[in-house]
Amino acid sequence: MTLSLFEGVTQRQAQREELCPGATVLRGFAIRDEAAIFAQLSNITTAAPFRHMVTPGGFRMSVAITNCGSFGWVTDRTGYRYDRANPENGKPWPSMPDVFLKLAQDAAASVGFPNYVPDACLVNRYEPGARLSLHQDKNERDFNAPIVSVSLGISAVFLWGGLRRGDKPMRVQLTHGDVMVWGGPARLHYHGVLPLKDGYHPLAGACRINLTFRKAA
Ligand code: MD3
Ligand code: FE
């Protein structure tokens with residue numbers, strides 16, 4: 001059966017959820033590129049393997065990370081920052097694949113952020129038990145640019161808080177292919193991820209991968 005134009009439109013709207021002004025979930029938006037994304041991830045992680053970085057407080061992050069793009073997010077005992085070089089080998093991060101850039105730009109444009117040019121893509125890998133405690137992303141120079149995040153692999157529960165750490169967060173299930181755009185008034189909200197449960201995804205295996213696109217410089 002073919003959908004009428006009206007049904008097609010309603011269906012498209014239903015896949016978009018606004019968590020609050022400036023924060024929108026686009027359900028399944030990345031499915032169209034899933035094969036190309038995993039092919040590129042394999043190249044990226046061969047050149048710049050995932051590793052567990054240490055926070056300024058001396059804790060090993062349960063989430064393993066790597067980056068692509070002109071800048072990569074790094075942490076060590078001296079602090080959090082964006083760096084052009086991978087501290088592991090001193091080399092520049094792998095460049096941002098066209099399919100990543102196009103996906104991030106299309107997602108941003110579809111919720112009202114045209115001309116988005118991210119220069120950093122942080123790749124997070126969660127294995128069962130890995131979590132991200134509530135935090136704000138404020139190492140970027142320009143808070144006017146949105147952040148775009150792409151969830152892949154096993155589903156996770158995302159915590160979406162307010163502007164103060166103590167604001168009670170809402171829980172949002174994020175599944176493979178979901179893309180979120182965070183900008184404007186949502187840009188500095190606290191957020192985190194609950195410990196990942198066991199699971200399996202045919203493309204990602206027993207983990208969750210999250211890409212976050214940022215304008216760092
Ligand atoms: C809301 N990553 O890398 S993505 C992070 O699922 C991070 O790996 C989580 O938080 C993850 O910093 C969440 C969604 C996300 C990313 C950045 C944001 C939400 C955000 C920045 C500002 C507000
Ligand atoms: Fe974050």
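Trainee: In this predicted model, which residue has a side-chain N or O atom 2.9 Å from an oxygen atom of ligand 1?

Mentor: The cut-off for a polar contact is 3.5 Å between N or O atoms, and a separation of 2.9 Å falls within it. Among the residues that come nearest to ligand 1 are Asn124, Tyr126 and one histidine. The side chain at 2.9 Å belongs to that histidine, His191.

Trainee: How much of ligand 1 does the protein bury?

Mentor: Ligand 1 sits in the largest pocket. Taken alone, ligand 1 exposes 490 Å². Of that area, the protein buries 98%.

Trainee: Which strand gives the most residues to the shell around ligand 1?

Mentor: Several strands supply at least two residues each, including S6 (120–126), S8 (147–153) and S13 (208–214). With four residues, the strand that gives the most is S13.

Trainee: How are the donor residues of the iron ion, ligand 2, spaced in sequence?

Mentor: The protein donors are His135 (NE2), Asp137 (OD) and His191 (NE2), at 2.1 to 2.2 Å from the iron ion. His135 lies in strand S7 (residues 132–135) and His191 in strand S12 (residues 191–193), so the pair, 56 residues apart, links distant parts of the chain. Written as a pattern, the spacing is H-x1-D-x53-H.

Trainee: Is His191 buried or exposed?

Mentor: Buried means under 20% relative accessible area. His135 has 22% and is therefore partly exposed. His191 has 14%, which means that His191 counts as buried.

Key
Residues are numbered from 1 along each chain as its sequence is written. Chains are lettered from A and ligands numbered from 1 in the order in which they are written. This is a predicted model: local features need pLDDT of at least 70, side-chain atom pairs count only at pLDDT 80 or more; totals for chains, interfaces and linings use all residues. Side-chain values use heavy atoms; hydrogens and water are left out. Donors are N, O and S atoms within 2.8 Å of the metal (3.2 Å for Na, K and Ca); water is not among the atoms, so sites may look incomplete. Buried means under 20% relative accessible area, exposed over 50%, partly exposed in between (1.4 Å probe, protein chains only). A residue is near a molecule or strand if one of its heavy atoms lies within 4 Å of it. A polar contact is a pair of N or O atoms within 3.5 Å; within protein, one must be able to donate a hydrogen and the other to accept it, and residues adjacent in sequence count only if both atoms are side-chain atoms. Accessible areas come from the Shrake-Rupley method with a 1.4 Å probe; for residues, only the protein chains shown count as cover. On a 1 Å grid over the protein atoms alone, a cavity is a set of points where a 1.4 Å probe fits but cannot get out, and a pocket is an open set with protein on both sides within 12 Å along at least five of seven lines; lining residues have an atom within 4 Å of a point. A molecule sits in a cavity or pocket if more than half of its atoms lie within 2 Å of its grid points.
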